[in-house]
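I opened the model today to follow a few side chains and helices. My notes are below, in the order I looked things up.

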Amino acid sequence: MAILGFTKELYFTTSTVIDWMDVFTRPVYKHIVIDSLKYCQKQKGLEIYAWVLMTNHLHMIVGLDNVQTNSQSPSQIGDVLRDFKKFTSKGLVKAIEQNQQESRKAWLIDRCAFRGANDCKVKNYKFWQDGNYVETIHSYDFYKEKLNYIHMNPVRQEIVERPEDYLYSSARNYSGMQGMINVNVQQ
């Protein structure tokens with residue numbers, strides 16, 4: 001069901017790091033996620049309306065480009081998120097292994113290896129929790145609620161005072177500034 005002002009289905013999604021590990025504290029790890037989201041926008045038809053990358057999870061409001069995907073459904077969003085998580089898992093584990101400044105390297109890699117060894121679907125390391133939380137945006141009020149929730153996340157965590165001051169969020173785009181990712185701004 002398309003909602004007022006939108007011509008396609010939108011979804012609120014959450015992807016969480018295993019054991020809620022605070023991995024995204026270093027820019028190098030954050031940029032792996034950002035680069036992968038940009039790739040998904042260009043190559044997989046992912047349309048991002050809002051996003052925030054916190055220390056251990058990623059929230060987004062997303063849709064799919066109908067021209068690129070021919071249709072859209074929660075399962076197709078799940079397919080894009082699955083591919084995103086598979087790719088970033090490998091890149092993030094490699095970056096952690098190679099980061100000489102990572103004081104928690106052994107612990108992070110051990111956690112990923114332990115979780116991977118206990119999951120028959122994983123070869124070596126597991127970085128993201130299974131599945132994705134995907135909820136259909138069913139009304140404009142619900143969209144605004146989730147948009148506010150996403151943008152206020154860094155404020156609630158006392159990382160910044162104002163949402164637009166957090167670099168790893170679409171709040172900058174919604175405030176008229178250039179964000180790290182191009183988003184479809186919908187007030």
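I began with K146, and its charged end sits over the ring of Y149, 5.7 Å from the centre. For this I required NZ of Lys or CZ of Arg within 6 Å of the ring centre and within 35 degrees of the ring normal. K146 also lies over the face of F12, 4.5 Å from that ring's centre.

A note on the source: this is a predicted model, so I took local features only at pLDDT of at least 70 and side-chain atom pairs only at pLDDT 80 or more, while totals for chains, interfaces and linings use all residues. Residues are numbered from 1 along each chain as its sequence is written, and side-chain values use heavy atoms, with hydrogens and water left out.

**Helix α5**

I then went through α5, residues 140-156. Helices here are DSSP runs of H or I with at least four residues, strands are runs of E with at least two, and both are numbered from the N terminus. α5 has 17 residues and reaches 23 Å from first C-alpha to last, close to the expected 24 Å. The expected span is 1.5 Å times one less than the number of residues.

Where does α5 bend? I found a bend of about 30 degrees at I150, and the proline P154 follows within four residues. The bend is the angle between axes fitted to the seven residues ending at a position and the seven starting there.

I listed the buried residues next (buried is under 20% relative accessible area, exposed over 50%, partly exposed in between, with a 1.4 Å probe and protein chains only). In α5 they are F142, Y143, K146, L147, I150, H151, N153, P154 and V155. Their cover includes strands β1 (11-16), β2 (46-53), β3 (57-64) and β4 (133-136), and also helix α6 (171-174).

**S170 and H151**

What does the side chain of S170 join? I found a polar contact of 2.6 Å to the side chain of H151. A polar contact is a pair of N or O atoms within 3.5 Å; within protein, one must be able to donate a hydrogen and the other to accept it, and residues adjacent in sequence count only if both atoms are side-chain atoms. H151 is one of the buried residues of α5. S170 is found in the loop between α5 and α6. S170 counts as buried because its relative accessibility is 0%.

I also listed what S170 touches, leaving out residues up to four places away in sequence (contact means heavy atoms within 4.5 Å). The partners are Y49, A50, W51, H151 and V183.

α1 covers residues 27-44, and its 18 residues should span 26 Å; the end C-alpha atoms are 25 Å apart, which agrees. Its buried residues are Y29, K30, I32, V33, I34, S36, L37 and C40. S36 has a relative accessible area of 4%. Beyond four places in sequence, S36 touches F84, F87 and T88.

I followed that to T88, which lies in helix α3 (residues 74-98). T88 is buried at 0% relative accessible area. Its side chain makes a polar contact of 2.9 Å with that of W128. Setting aside neighbours within four places, T88 is in contact with I32, V33, S36 and W128.

**Aromatic pairs**

W128 turned up again in a cluster linked by ring pairs, with F24, F84 and F127. I paired rings of Phe, Tyr and Trp (its six-membered ring) with centres within 6.5 Å; planes under 30 degrees apart are stacked, over 60 edge-to-face, and the rest tilted. The count comes to eight aromatic pairs. In one of them, the rings of Y166 and Y168 have centres 6.0 Å apart and planes at 70 degrees, so the pair is edge-to-face. Y166 is buried at 6%, and Y168 is buried at 7%.

**Positive phi**

Most residues other than glycine have a negative phi. I noted two non-glycine residues with a positive value. E158, which follows α5, has a phi near 60 degrees. E158 is exposed, with a relative accessible area of 72%. D19 has a phi near 55 degrees. D19 is found in the loop between β1 and α1, and at 31% it counts as partly exposed.
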